[in-house]
Structures are given as structure tokens and as C-alpha cells.
Amino acid sequence: GTNIAMLRPTQVLQKHPHYNRFYRLYLDFQQKLRISWNTEQFTSELHMRKIWEIYQLWSVLRMALGVKRMLLKDGYRIKGTQGIFRMTEDEFHLDIVKGAQIELVKQDTSVRLCYEPEYFNYRTIQSGIVATRGPKFNPDMTIEVWRGKYAEKLIVFDAKYKWFDLGDGQQSCVEDDIAKMYLYAGEIRYKPGTNQLPEDIASSAYTLFPGNVILHDPDRPRVGALPMCPGQSETIWRETAKAVKDILQNAGLI
């Protein structure tokens, strides 16, 4: 049968046991770094967040960490970060601010890991990475590759807390989410200048979902799906990591 997880409010502790562990570590980490010890408001805010928001945050952090490790291993160095953590009064919240970036560099190549970037319609932007359909695109995470002042490649990741049950213990991504990746791959482009038309820039666009079936062509990693789920098997983690490496190699990063 079909089993598509709907986006609905829920409580973290009623869900997957690995999210329960993530939740407790989250609180412990936050508590130890506080100046004061009043965690009631913070606990309530996290406890009532939608499960898709928790999944999106976790999967993007997990992907960013894996990509960063691969790039550092290949000789990149971290140049700077912007807006990675959100600070509220005396509380350290383990969260990412929209538009946050980690920038890594190697020779004349700059790689920016971006969280929830906004790419506006090319008619409203003089130059830069733009959308060629609608007012804007806002994927969960992108990897922008710049050489000097010019963007060369773009990798898109978008997390969805949905899956399709294939039977025999297999859960694949939802077809509509793959269609959205084709949209991102084709309609997020680079506009070099005011009087120039947007150019194709996206080398890969992949959806992240809590399943176990990988949709990936190592020779042509244009569009696909990667399973990202706490507690999944080491085999799936290795296959996913190999797919990410293919994606980075296809973009000329490693």
C-alpha cells in the first residue's frame, strides 16, 4: 500500500526513538552553554515544533557536515561563517538562521554552503543566482561554487518529511518531490550582468527524505533522492555518502 507522511503538527517525543535521543542531546547541549538555567520557554518551543521542521534542520545539518568534511579532506579551508547559530538573549539555541552560510576556499575557488537561500526572479536582479520562474525560489540548502566574482556551479538539496512505501521494507521518495528537483535544476540559473540572459548553472538537485531507497545515477547525477534518516543502516549511509561524493565530483569540486 501507499504511505505518505503528511505535514502535521506533532510532538518530538511521540516519534522515532532516534529523534527522542536527538531531542535530549539538544537540551543537554543547550543547557550546558547557558548563562542562566531557565529552560522552560525553550523546551516548550522545541517540544511543539512540527516534525518536518525538526527533520529539515537535522538533515540539512547532517548534509552540511558531510560535505564540509569531504571538502576539508580535499584541501579546502574554512574562510568564514555567517548566521549559523541563533542567539536569543542569554540562550544558545541550536538552530540555523535563514540565509546562513559557511564559506570554504581552495586556490581561486569559493564554495558557499547556504541554508535556505532566496533566489529572486531574474527580472528584479541585475546579476547573481536567480529564479527564472515565479517571484523566487527558496530551497533548504545549496552549494554555490564561485570563481572570483562569477558563479560556476550550483548544487541544490531540499528536505521533505515524506515517503512512499514500496513494500518489502522499502521506502522511496514521493514523485512530486522529484518533479520539484527538476524545476530547481532547470529554473535556478546565473545571470552574469544586467543585459545578459540567465545561464544554466545547476549541476545537481536532490531531495532528502526519511526513507531507504537511493535514486542516483553516478554518471549523470542531475536529479535524484538521498535517504537521510537517524538510525539507518551503515550500508545506506555509505551509499548516500558515495552519492554525495559523485555529486561533488560532477560539479568539479573534488
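The legends below describe close-up views of a predicted model.

**View 1. Lining of the second largest pocket.** The second largest pocket has a volume of about 240 Å³. Helix 3 (51–73) and helix 5 (234–250) each supply at least two residues of its lining. Helix 3 contributes the most, with six residues. Among the lining residues are Arg62, Met63, Gly66, Val67, Arg69 and Met70, together with Met228, Glu234, Trp237 and Val244. Sorted by class, the lining of this pocket comprises seven nonpolar, two polar and three charged residues.

**View 2. His216 and its surroundings.** His216 lies in the loop between strand 15 (202–209) and strand 16 (223–227). His216 is partly exposed because its relative accessible area is 22%. Leaving aside residues up to four places away in sequence, His216 touches Tyr206, Pro221, Ala243, Asp246 and Ile247. Val244, one of the residues lining the second largest pocket, is 28 residues from His216 along the chain, and the C-alpha atoms of His216 and Val244 are separated by 9.6 Å.

**View 3. Polar contacts of the His216 side chain.** The side chain of His216 makes a polar contact of 2.7 Å with the side chain of Tyr206. The side chains of His216 and Asp246 are joined by a polar contact of 2.8 Å.

**View 4. Cys114 and Cys229.** Cys114 has a relative accessibility of 4% and therefore counts as buried. Cys229 has a relative accessible area of 14%, so Cys229 is buried; the cut-off for buried is under 20%. The structure holds zero disulfides.

Note on methods:
Residues numbered from 1 in each chain as written. Predicted model: local features only at pLDDT ≥ 70, side-chain atom pairs only at ≥ 80, totals over all residues. Heavy atoms only, no water. 1 Å grid on protein atoms, 1.4 Å probe; cavity = no way out; pocket = protein on both sides within 12 Å on 5 of 7 lines; lining within 4 Å. Points joined across faces, edges and corners; volume = space filled by probe spheres on them. Helix = DSSP H or I, 4+ residues; strand = E, 2+ residues; numbered from the N terminus. Nonpolar A, V, L, I, M, F, W, Y, C, P; charged D, E, K, R; others polar. Disulfide = S-S within 2.5 Å. Buried < 20%, exposed > 50% of the residue type's maximum accessible area, 1.4 Å probe, protein only. Contact = heavy atoms within 4.5 Å. Polar contact = N/O pair within 3.5 Å; in protein donor to acceptor, adjacent residues only side chain to side chain.
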